[in-house]
Amino acid sequence: MPNRAAIAAATEHRDVAEEAFHVLHFNQELVQFADTKAGTLIVINSLFIAAAQAVVGGKSAVVTLSAAVAVLAAALAIFFCFSVVSTRFSGPQAARNDLVFFGDITRRASAEQYASDFFAIQGATQVEDVLRRTYVVAGIAQRKFAAYSTAQFMTGLSGAAWVIFNVLSLVFH
C-alpha cells in the first residue's frame, strides 16, 4: 500500500490536472460562444441583404444607391463574421507532440503508441501539455472576440444603413 505522502502527492497532481482541464474546457467554450455569436450576425446581415435586394427593382436612384450601401455594409459585416469563425492560432509550435491536441495525438504511429506515450509521460508533463493547449485556445478566443467586436460594429452600421434604406424607400416610393 502506498504511503500517505505518495497518496497526497497523487491527489494533489490529480486536482491540478483537473483544474487545468477545467480551464481548457472553459476557454474552448468561449471559442464556441464566439463562433455561435458570429453565426447569429451572419443571419442578421443576410436578412438585411435579402430584404434590400427584394425591394430595389424599379425604385429611384436614391433608393437603389441606399440599398447598395446597405448591402455593402452587410457584406462587410459578414466578411468580419467569417474572420471570427476562421481564426486560428499563429504562435510558436510546441517542441514535441503533446498528449492533448488531436493533431499531435494522431501524429503517432498508432493508438497503442499514444497510449504508451500517455502512460510514460506522467505528472507535470501532462499538466504542462494541458496548460500549453489552454494558452493556445485562449489566444484563439482572444482573436475571435476581437474579430467579433469588429463584426458586431459592422452589423450595427449595416442595421443603420438598412433603416436609412427603408426610410428612403418610403419617402421616394
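A helix here is a DSSP run of type H or I with at least four residues, and helices are numbered from the N terminus. The model is predicted.

Start with the largest pocket. Rolling a probe the size of a water molecule over the atoms shows where empty space is left. The largest pocket holds about 560 Å³ of space.

Next, select F89, F101, R133, V136 and I140. Of the 22 residues that line the largest pocket, these lie nearest its centre.

Now colour helix 1 (4-54), helix 3 (102-106) and helix 5 (124-171). Each of these helices gives at least two residues to the lining of the largest pocket. Which helix supplies the largest share of that lining? Helix 5 does, with 6 residues.

Is R108 buried or exposed? R108 counts as buried because its relative accessible area is 11%, and buried means under 20%.

Show what surrounds R108. Leaving aside residues up to four places away in sequence, R108 touches N97, D98, L99, Q113, Y114 and D117. Take N97 from that list: N97 and R108 are 11 residues apart in sequence, and their C-alpha atoms are 8.4 Å apart in space.

Finally, show the side chain of R108 and the backbone of D104. The R108 side chain reaches the backbone oxygen of D104 at 2.9 Å.

Definitions and conventions: Residues are numbered from 1 along each chain as its sequence is written. This is a predicted model: local features need pLDDT of at least 70, side-chain atom pairs count only at pLDDT 80 or more; totals for chains, interfaces and linings use all residues. Side-chain values use heavy atoms; hydrogens and water are left out. On a 1 Å grid over the protein atoms alone, a cavity is a set of points where a 1.4 Å probe fits but cannot get out, and a pocket is an open set with protein on both sides within 12 Å along at least five of seven lines; lining residues have an atom within 4 Å of a point. Grid points are joined across faces, edges and corners, and a volume is the space filled by probe spheres set on the points. Buried means under 20% relative accessible area, exposed over 50%, partly exposed in between (1.4 Å probe, protein chains only). Contact means heavy atoms within 4.5 Å. A polar contact is a pair of N or O atoms within 3.5 Å; within protein, one must be able to donate a hydrogen and the other to accept it, and residues adjacent in sequence count only if both atoms are side-chain atoms.
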